[in-house]
Structures are given as structure tokens and as C-alpha cells.
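Below is a chain to examine through questions and answers.

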Amino acid sequence: MAHLTQRHAAPSRASCASRGRCVVPIAATTTNPSNLLKGVFKSANGLPAAQGPDYAKKVIEDEAKYVLQTYARAPVVISHGKGTKMWDVEGKEYIDMAAGIAVNALGHTDSQWYAALVEQAAKLAHTSNLYHTEPGVALAKRLVENSFADKAFFCNTGTEANEGAIKFARKWARVRAGVDPYDADATAPYELVSFTSCFHGRTMGALALTYKEQYKTPFYPMMPGHRLAQYNDLQSARAVIEKGKTAAVFVEPVQGEGGITPSTMTFLKGLRELCDEAGALLVFDEVQCGLGRTGKLWGHQLYGVEPDMMTLAKPLAGGLPIGAVLLKQHVADVMKPGDHGSTFAGNPLVCAVACTTFDIINSPTFLTAVEQKGHRLREALKCCMGSNPHVREVRGVGLLVGVQLDMMAGPVVDAAREMGVLAITAGKGDVIRLVPPLTVTDAEIDRAAEVLGAALNKVAPK
Ligand SMILES: Cc1ncc(COP(=O)(O)O)c(C=O)c1O
């Protein structure tokens with residue numbers, strides 16, 4: 001497990017993935033847009049020609065006018081992508097180390113992904129869950145046969161997956177307590193435990209579990225029955241996981257939004273024991289760390305600990321919206337027709353694309369490559385950023401990587417974007433989060449690290 005958290009240390013020259021390249025002048029980062037667009041536009045996809053700056057300005061102005069302002073978007077208008085590259089409407093090229101927040105696992109417009117999408121779209125996109133359709137069954141079979149689970153439930157997003165898991169846990173606890181779950185006066189364990197710095201989503205149930213108060217306070221009161229414990233602190237967990245009170249414990253095996261922090265082995269194993277002792281369910285939220293991102297198919301495989309339920313979303317259909325809850329049979333047994341559902345969930349289009357995405361990721365060669373690329377990225381970051389005194393730590397696992405700074409990461413991310421590399425922040429805003437497509441190349445990794453190093457030095461000179 002030593003690789004899970006790598007304390008920052010100045011790397012030896014020999015270990016630096018992009019040795020000798022950290023000093024490349026940043027002026028060279030952007031490919032000449034006209035050359036670039038020629039290449040792109042000769043492909044069969046009929047993309048529009050690059051626009052002038054006024055076009056981007058107009059899109060941004062219209063967005064402010066017509067779209068509810070809940071996002072602080074970067075001032076660029078993205079036009080198209082291929083692999084780990086994206087281009088804005090003016091033709092500027094970016095290396096996309098954000099992948100739509102860990103979603104575009106195969107990069108942009110992967111040919112197999114695209115073929116699956118087109119093939120299914122030509123047949124059938126949506127029926128709701130009124131009828132049986134094949135792709136959802138095929139996806140559930142894949143997920144069940146390649147995990148701890150016995151059943152899959154589909155939804156559309158990560159927060160919905162957690163919402164589903166909350167409901168399944170609540171009903172499971174009522175059935176287990178021996179009460180009639182449909183009796184409004186019946187009482188049973190209903191508390192849900194989550195941890196500091198966790199992120200489980202923005203809908204009211206998942207939001208109650210989510211750590212950051214600023215996401216919650218404007219929408220008070222929160223769902224009752226939530227208990228918070230310190231992440232990676234078993235003593236703290238023990239104090240809130242109680243027999244007769246706790247229905248389920250939600251934890252990310254590797255925290256993403258919270259700052260790219262892996263659970264310790266002791267913590268995750270200990271949580272399993274505490275849940276078993278208390279008769280509570282253990283739920284792993286693998287919305288961000290699941291499906292290959294850690295170099296394992298599931299993040300919890302790094303620990304050898306199995307949950308009762310696991311929630312998935314982001315990369316599952318490689319860019320189309322989908323979520324899933326995987327359940328053990330004892331939880332699945334309590335859910336009956338009519339207990340939960342969604343109009344769009346598990347539609348044939350998204351499930352066909354998810355099957356293809358899953359098949360590509362679920363290969364030993366692919367997963368080993370993710371692990372190796374993650375290692376390369378961490379080493380390259382140490383090489384290119386490590387000499388800046390504002391870097392505290394480079395950490396993570398697989399291609400879920402964080403650079404902990406002693407300052408806010410936003411200005412560095414902004415500077416990197418100007419220089420052609422897209423990254424995001426995490427933690428208290430003091431972590432640079434890198435979650436590139438799992439198909440990112442070594443050259444892209446090296447270049448991204450160089451640019452991030454230069455961006456940090458520009459914002460906070462050594
Ligand atoms: C661990 C985790 N859970 C849940 C969510 C919520 O997913 P969504 O934004 O698809 O609702 C996220 C999103 O970042 C996440 O990282």
C-alpha cells in the first residue's frame with residue numbers, strides 16, 4: 001500500500017519521467033490552430049471551422065443571460081475533442097487532464113465508443129423501464145460477474161446512485177429490524193454515517209452525507225439521521241457506528257473531491273468490522289475512484305475489503321450520463337417493484353455504450369497501463385513541480401492524482417489552462433487534481449507535468 005500515499009520527496013534525476021524537459025519554454029505549448037484544425041476537420045465528423053474571439057465571448061454572454069448561474073466556468077468555450085486533446089472554438093489546443101471530472105475514461109470520441117453509440121442510436125434509445133431491453137441486462141451481467149455484487153440498479157448520475165443506496169439501506173434496516181417497512185409508525189435503525197472531506201453529491205440525501213457545509217447550509221434543514229466521523233480515524237468511526245441506530249456507512253475508498261486521499265488499509269478493514277458488529281451496511285462510493293481509475297477495476301480491490309453496496313457513475317458510459325448501485329443479494333432481497341425507479345435509468349443507448357466502455361477498461365493490460373501511467377504522472381509532477389517550495393505532496397493512486405500545495409491551486413490551474421493544460425482543484429481548493437482519460441499517453445503526461453510546473457513557477461516563483 002506504500003504507493004497509495006507518496007510523501008513528496010525530490011525525485012532523483014534518474015527517476016524523472018520527463019528528465020531534462022522541465023525547462024521547455026511555455027511559448028511552445030499551443031499548436032498553431034490553423035494547422036491543427038486542418039487535421040481535425042479533414043476527419044469525417046464535419047466539425048465547424050474555428051471562430052474568432054467574438055464568438056466565444058457571445059456564447060459566454062448568452063450563457064450568463066440564459067443559464068442559471070450555478071457554475072463558475074473557466075472562460076473558454078470547448079468545441080471538440082479527440083483522445084486526451086480538446087480544442088476551444090478559437091482552435092486553441094488543450095491537454096485534458098480533467099476528463100470532464102474523471103468521466104471521459106476513454107478520452108474524447110474514442111472510435112469504439114462512438115461506434116457503439118451510433119449502432120445503438122440507430123436501433124433504440126429509450127423506452128423507460130416499462131419494457132425489457134437487452135443492453136441494460138448485458139451491462140448488469142458484466143458488472144455483477146466482475147464484482148462482489150449480485151444485482152445492479154441503474155440511475156443517471158453519481159448523486160442519484162447514492163440516493164438509491166440510501167433508500168436501499170433504509171429499507172434493508174427496517175426489514176432487518178423485523179418491522180413492516182410500509183408501516184409509517186414502525187421504527188428501525190436509520191442513521192447514516194459519512195466522513196470528513198467526503199463528497200457524495202448534491203441531491204438532498206447525498207447532500208446530507210457530503211462534508212462541505214457551504215454546499216448544505218443554504219438548503220437547510222438537511223435529512224435527519226446523519227452522523228459524521230473523521231476520515232481515516234477508526235476511533236472516531238467507532239464512536240458513531242452504533243448497533244440499533246446505524247443503517248449504513250458511506251465511504252469513498254479513495255476520496256476525490258476531498259483532496260485525493262486514499263483510505264488507509266486499517267481504516268477500510270476496520271470499517272468492515274465495525275459495520276458487521278453493528279449490523280450496518282458498508283457502502284463504497286466509487287463514483288470517482290471506480291472502474292479502472294486506480295489501476296484496479298474497483299478501488300476497493302486495493303484493500304481486499306468488500307462492501308454490501310457500491311455506487312458508480314462518472315466513467316461508466318465514457319461520457320454519457322449513467323449511475324449504478326451494485327448490491328449484495330441480502331440488500332437486493334428487500335427491494336420490491338415500485339420501491340424505487342427512474343424514467344431514464346438504464347436506457348438502451350447509455351447501457352450499450354457502457355458495455356463497450358466496460359469491456360475496454362476491464363482488461364488486465366488496460367488496467368496495468370493505468371497503474372504505470374499513474375506512476376509516471378506522479379514522478380513527472382515531482383520532477384517538474386517538486387523544487388517549488390509551495391508543493392507539499394504529490395499523492396494518489398493510478399490516474400487519480402493530487403498535488404497538495406500550501407496555497408490556493410486555482411491560480412495555478414488558470415495559468416496552466418492559459419498554457420494549454422486543463423486541470424481541476426480539490427480539497428480546500430489547495431490541491432491540483434489530475435484525472436485524465438485513462439488512455440492518456442506518456443508524452444501527454446510528460447507535457448502536462450512540464451506545463452503545470454511552469455504554471456506554478458509563474459504564479460508562485462521559487
Ligand atoms: C465520490 C463522488 N460521489 C458522488 C458524486 C456525485 O456525482 P454526480 O455529480 O454525477 O451527481 C461525485 C461527483 O464528483 C463524487 O466524486
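Q: Is Thr109 buried, partly exposed or exposed?
A: This is a predicted model, in which local features need pLDDT of at least 70, side-chain atom pairs count only at pLDDT 80 or more, and totals for chains, interfaces and linings use all residues. Residues are numbered from 1 along each chain as its sequence is written. A residue is buried if 20 or more other C-beta atoms (placed from the backbone) lie within 10 Å of its own, exposed if 12 or fewer, and partly exposed in between. Thr109 has 16 other C-beta atoms within 10 Å, so Thr109 is partly exposed.

Q: Where is Thr109 found, and what is its phi near?
A: Helices (H or I, at least four residues) and strands (E, at least two) are DSSP runs, numbered from the N terminus. Thr109 is found in the loop between helix 3 (99–102) and helix 4 (111–121). Most residues other than glycine have a negative phi. Thr109 is not glycine, yet its phi is positive, near 45°.

Q: Is Ser128 buried, partly exposed or exposed?
A: Ser128 sits in the loop between helix 4 and helix 5 (134–145). Its phi is positive too, near 60°. Ser128 has 13 C-beta neighbours inside 10 Å, so Ser128 counts as partly exposed.

Q: Is the peptide bond from Tyr220 to Pro221 cis or trans?
A: Pro221 lies in the loop between helix 8 (213–216) and strand 6 (226–229). Most peptide bonds are trans. With omega near 0°, the bond from Tyr220 to Pro221 is cis.

Q: Are helix 13 and helix 15 roughly parallel or roughly antiparallel?
A: Axes are lines fitted to C-alpha atoms, for helices over the stretch in contact, and angles run from 0 to 180 degrees between N-to-C directions. The axes of helix 13 (residues 364–385) and helix 15 (residues 442–459) come within 8 Å and cross at roughly 30°. Angles under 35 degrees count as roughly parallel, over 145 as roughly antiparallel, 65 to 115 as roughly perpendicular and the rest as oblique. Helix 13 and helix 15 are therefore roughly parallel.

Q: How many nonpolar, polar and charged residues are in the contact of helix 13 with helix 15?
A: Two residues are in contact if their C-beta atoms, placed from the backbone, lie within 7 Å. Residues of helix 13 including Leu377, Ala380 and Leu381 meet residues of helix 15 including Ile445, Ala449 and Leu452. Ala, Val, Leu, Ile, Met, Phe, Trp, Tyr, Cys and Pro count as nonpolar, Asp, Glu, Lys and Arg as charged, and the others, Gly among them, as polar. The division is 10 nonpolar, one polar and five charged.

Q: What is the orientation of helix 14 and helix 15 to each other?
A: Helix 14 (residues 410–418) packs on helix 15 with axes 8 Å apart, at an angle of about 125°. The two helices are therefore oblique to each other.

Q: How many nonpolar, polar and charged residues does the contact of helix 14 with helix 15 have?
A: Helix 14 contributes Pro411, Val412, Ala415 and Ala416, and helix 15 contributes Val451, Leu452, Ala455, Leu456, Lys458 and Val459. By class, that gives nine nonpolar, no polar and one charged.

Q: What covers the buried residues of helix 14?
A: The buried residues of helix 14 are Val412, Val413, Ala415, Ala416 and Arg417. Their cover includes strand 15 (421–422), strand 16 (424–426), strand 17 (431–434) and helix 15.

Q: Which residues does Leu434 touch, not counting those up to four places away in sequence?
A: Leu434 lies in strand 17. With 31 C-beta neighbours inside 10 Å, Leu434 counts as buried. Leu434 touches Met97, Leu377, Val401 and Ala423.

Q: Which residues is Val370 in contact with, leaving aside neighbours within four places in sequence?
A: Val370 is found in helix 13. Val370 is buried, with 23 other C-beta atoms within 10 Å. Its contacts are Gly292, Gly295, Gly398, Leu399 and Leu438.
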